[in-house]
Amino acid sequence: MSKGLPETRRDAAMSELVPEPRPKPAVPMKPVSINSNLLGYIGIDTIIEQMRKKTMKTGFDFNIMVVGQSGLGKSTLVNTLFKSQVSRKASSWNREEKIPKTVEIKAIGHVIEEGGVKMKLTVIDTPGFGDQINNENCWEPIEKYINEQYEKFLKEEVNIARKKRIPDTRVHCCLYFISPTGHSLRPLDLEFMKHLSKVVNIIPVIAKADTMTLEEKSEFKQRVRKELEVNGIEFYPQKEFDEDLEDKTENDKIRESMPFAVVGSDKEYQVNGKRVLGRKTPWGIIEVENLNHCEFALLRDFVIREKASWAVSFHLCQPPPAPLLNEGHFKLLLPPFLSAVIAAGPSPS
């Protein structure tokens, strides 16, 4: 202790060196009156429910393109697929009249609602090819149209002041119609699919399958699969999506069923007291939705029930840079944990 300083001055000097302790802030008590269940359960597993509610409000876009030779019934099959006149919007045309021939690429949109889920369905109908004497590069208008939709979406995406909801006109899948010749694929078909498979998901279908016997149909399906494999043409689902053994097993079953041998019809007939879609022949009625007659039901379930969720993935995934537009990088699928957004419905409380 220093000498010669009064006691009061010594106390003041010590108080400058040692700070006074501050009082601790009072911790508020948890209010007893608030119900703990008011906010509900909070956890990362609620993300799916949040996304489900958001997507249910905004709805979905599903864009499907039909491509094939003239006279294979592309428009008729799409109408059969959605049980509506979705490939034609003219109010003057009815079911009894003959469907007019498609002469240009035409996108027709419809809003379909089922169970509170809204989906904007757009059918891109394309003119038949192979009718001209010179069919060189006849796939270019369709390929150009597909790439233009990607570029249009990409331009909106990179804008600084972009729209809250960008209209999605990208082609999610393409139904490619194969003529039921029973022989090999035409060179034009191979060249056409080789170009389109780089920019869109192709689903090959054999049109007017009722013109072949069961043996002819089975042999033709195997021949088509072999020719596609030899020529390096990939169709959906591609093998790159076989992420695990379960996916591979499921996709292998689908690939073994392709190409789907289908029959389309807009007309209804009475069969065993029920109204069914079908084609009337001298030997009976071919029922469109009967698996013993054709594989239309398999195609419908594949496109609508199982794989329509790829339309959602196009909203959730970012497009690649512009130089990659022609390299097939748009074949995006919905990640497994997001498939529950549509299928699972509301989570249990």
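# Notebook: sheets, helices and aromatic rings

Entry 1. The model is a predicted one, in which local features need pLDDT of at least 70 and side-chain atom pairs count only at pLDDT 80 or more, while totals for chains, interfaces and linings use all residues. Residues are numbered from 1 along each chain as its sequence is written, and side-chain values use heavy atoms, with hydrogens and water left out.

I then followed the two strands themselves. Strand E2 (residues 106–114) pairs with E3 in the antiparallel sense, over nine bridges. Two strands count as paired if DSSP finds at least two bridges between them. Strands (E, at least two residues) and helices (H or I, at least four) are DSSP runs, numbered from the N terminus. Two residues lie between the strands of this hairpin, and Gly-115 takes a positive phi near 60° there.

**Entry 2. The sheet of six strands.** In what order do the six strands of the open sheet lie? I read the order as E2-E3-E1-E4-E5-E6, with mixed pairing. E2 and strand E6 (260–261) are the edge strands, each pairing on one side only. I noted next that H4 packs on the sheet, where it touches E1, E2 and E3, and that its direction makes about 170° with that of E1. Contact here means heavy atoms within 4.5 Å. Axes are lines fitted to C-alpha atoms (for helices over the stretch in contact), and angles run from 0 to 180 degrees between N-to-C directions.

**Entry 3. Strand E4 and its neighbours.** I looked up how E4 is paired on each side. Strand E1 (residues 60–68) is joined to E4 by five bridges, and the two run parallel. Strand E5 (residues 202–206) is likewise parallel to E4, with five bridges between them. Cys-174 has Ile-202 as its bridge partner in E5. Phe-177 is the bridge partner of Gly-68, and Phe-177 also stands opposite Val-205 in E5. From E4 the chain crosses through H5 to E5, and I recorded this β-α-β crossover as right-handed; that is, with the strands pointing away from the viewer, the path from the first strand over the helix to the second runs clockwise.

Is E4 buried or exposed? Six of the six residues of strand E4 (residues 173–178) are buried, so the strand is largely enclosed by the rest of the structure. Buried means under 20% relative accessible area, exposed over 50%, and partly exposed in between (1.4 Å probe, protein chains only). Both faces are covered: Cys-173, Leu-175 and Phe-177 are buried on one side, and Cys-174, Tyr-176 and Ile-178 on the other.

**Entry 4. Helix H5.** I found H5 lying across E1, E4 and E5, running at about 175° to E4. Seven of its ten residues are buried, so H5 is largely enclosed by the rest of the structure. Among the buried residues of H5 are Asp-189, Phe-192 and His-195. The parts against which the buried residues of H5 pack are E1, H4, E4, E5 and H6.

**Entry 5. Aromatic rings.** How many aromatic pairs does a search of the whole structure find? I recorded four. Trp-139 and Phe-192 form an edge-to-face pair, 6.4 Å centre to centre with 75° between the planes. Rings of Phe, Tyr and Trp (its six-membered ring) pair if their centres lie within 6.5 Å; planes under 30 degrees apart count as stacked, over 60 as edge-to-face and the rest as tilted. Trp-139 lies in the loop between strand E3 (117–125) and helix H4 (140–158) and Phe-192 in helix H5 (residues 187–196), so the pair ties together parts that are 53 residues apart in sequence. Trp-139 is buried, at a relative accessible area of 8%, and Phe-192 is buried at 0%.

I turned next to Tyr-236 and Phe-302, whose ring centres are 5.8 Å apart and whose planes stand at 45°, so the pair is tilted. Tyr-236 lies in the loop between helix H6 (214–230) and helix H7 (245–257) and Phe-302 in helix H8 (residues 296–306), so this pair ties together parts that are 66 residues apart in sequence. Both Tyr-236 and Phe-302 are buried.

I also noted that Trp-139, Tyr-176 and Phe-192 form one aromatic cluster.
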